[in-house]
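Student: I have a new structure open and could use a quick tour. Can we talk it through?

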Amino acid sequence: MVLRNRHLYSLIAILILLGVYGYEYFLTELDSAELVKEEARVKTETNTFFLPTSTTGQIIHHKGYSLSYSEPHEQAEWVAYELKKSHLATTNFKRPYFEIDHAVKTGAASWRNYKNSGYDRGHLVPAGDKNYSQQAHDETFLTSNISPQRHAFNAGIWNALEQKVRYWASKYDGVFVVTGGVLTSGLTTIGTEKVAVPDAFYKVVFDADHNKMIAFLMPHKNSAEPLYNFVVSVDSVEVITGIDFFPELEDDLENQLEATTDYSGWSF
DNA sequence: CTGCCTCCC
DNA sequence: GGGAGGCAG
């Protein structure tokens, strides 16, 4: 009788242990799934999805975009952000003043470098892409987000390209965008801090939902040519900038997307 | 020198 | 999408 009870108690103990461990295992599985989601959420919020590599080692994350700052050129070598369809808005926020980006540890350029220089303070992340909130809009007026641009270029073909990207964001339900000037050595500079004036600007657009990519390389002058005349392969932009775009993509896919100059999948 | 305002294309 | 001049602190 005593022996039988012992067996019974052992059995109960084993069942309890199984139950406890099983429940903990369940919780652990739940935790790891939640953790993945949490990481994805944080990455999305800090724009660490699909960031290019930095040749300068100074990547800065703002709420609405990230950038890699080049101290020698006193501007970003790239800015990167996701332009969601839900971001598109026609709100007209009051235009703020340009502010020095204090997140840049080496000191971002002052906007006064541009004063009387003959060049526009050209947005890299367009304010027009951030009209969904006052904060996101104002954040584009940091000096880490501007580059000296000829007014005719900025207001001309470059503006046309920015509008085309917004059209694509709407048509294809969101795109990832990377933009910058081609920062080489020996460029003309403006202001006391010697902000470099790029000879060309590039823009890379990735439609992750439909797996297609397109890149533009534009000489720093206005043009009446159609936008698709400036399409180049992403690979060629990587060669002249030293930047690796979308390194997180699976290699075969990345190689395929970045080698092409075929823009037939993009509606102009 | 920097921040801000007003008027301008 | 931007610029210039001017004024106060």
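Tutor: Let's go through the DNA contacts, then some contacts inside the protein. Keep in mind that this is a predicted model.

Student: Okay, DNA strand C then. Which residues are around DNA strand C?

Tutor: The residues around DNA strand C include Arg95, Lys115, Asn116, Tyr119, Asp120, Arg121, Gly122 and His123. Gly128, His151, Asn154 and Asn159 are also on that list.

Student: What classes do the residues of that surface near DNA strand C divide into?

Tutor: There are 7 polar, 4 charged and 1 nonpolar.

Student: And the DNA side? What percentage of the atoms of DNA strand C within 4 Å of the protein belong to sugar or phosphate?

Tutor: Sugar or phosphate accounts for 75% of them. The rest belong to bases.

Student: Which residues have a polar backbone atom at a phosphate oxygen of DNA strand C?

Tutor: Tyr119 has a polar backbone atom 3.3 Å from a phosphate oxygen of DNA strand C.

Student: Let me zoom in on Asp120. Where is Asp120 found?

Tutor: Asp120 is in strand 4. A polar atom of the Asp120 side chain lies 3.3 Å from a sugar or linking oxygen of DNA strand C.

Student: What is Asp120 in contact with, leaving aside neighbours within four places in sequence?

Tutor: Asp120 is in contact with Tyr114, Ser147, Pro148, Gln149, His151 and Asn154. With His151 there is a side-chain polar contact of 2.7 Å.

Student: How many residues apart along the chain are Asp120 and Ile146?

Tutor: They are 26 residues apart, and their C-alpha atoms are separated by 8.9 Å.

Student: Switching to DNA strand B. Which residues are around DNA strand B?

Tutor: Tyr97, Trp111 and Arg112. Of the atoms of DNA strand B within 4 Å of the protein, 29% are sugar and phosphate.

Student: Which atoms of Tyr97 and Arg112 are involved there?

Tutor: Tyr97 has a polar side-chain atom 2.7 Å from a phosphate oxygen of DNA strand B.

Student: New topic. How many salt bridges does the structure hold?

Tutor: It holds 2 salt bridges. One of them joins Arg166 and Asp129, with the closest N and O atoms 2.6 Å apart. This pair links distant parts of the chain, 37 residues apart. Arg166 is in helix 4, and Asp129 is in the loop between strand 4 and helix 2.

Student: Last one. At what angle do helix 5 and helix 6 pack?

Tutor: The angle is about 90 degrees, and the axes are 6 Å apart. So helix 5 is roughly perpendicular to helix 6.

Student: Which residues meet there?

Tutor: Val234, Asp235 and Glu238 in helix 5 meet Glu254, Glu258 and Ala259 in helix 6. By class, that contact has 4 charged residues, 2 nonpolar and no polar.

Terms used
Residues numbered from 1 in each chain as written. Chains lettered and ligands numbered in written order. Predicted model: local features only at pLDDT ≥ 70, side-chain atom pairs only at ≥ 80, totals over all residues. Heavy atoms only, no water. Near = heavy atom within 4 Å. Polar contact = N/O pair within 3.5 Å; in protein donor to acceptor, adjacent residues only side chain to side chain. Nonpolar A, V, L, I, M, F, W, Y, C, P; charged D, E, K, R; others polar. Axes fitted to C-alpha atoms, helices over the stretch in contact; angles between N-to-C directions. Helix = DSSP H or I, 4+ residues; strand = E, 2+ residues; numbered from the N terminus. Parallel < 35°, antiparallel > 145°, perpendicular 65-115°, else oblique. Contact = heavy atoms within 4.5 Å. Salt bridge = Lys/Arg side-chain N within 4 Å of Asp/Glu carboxyl O.
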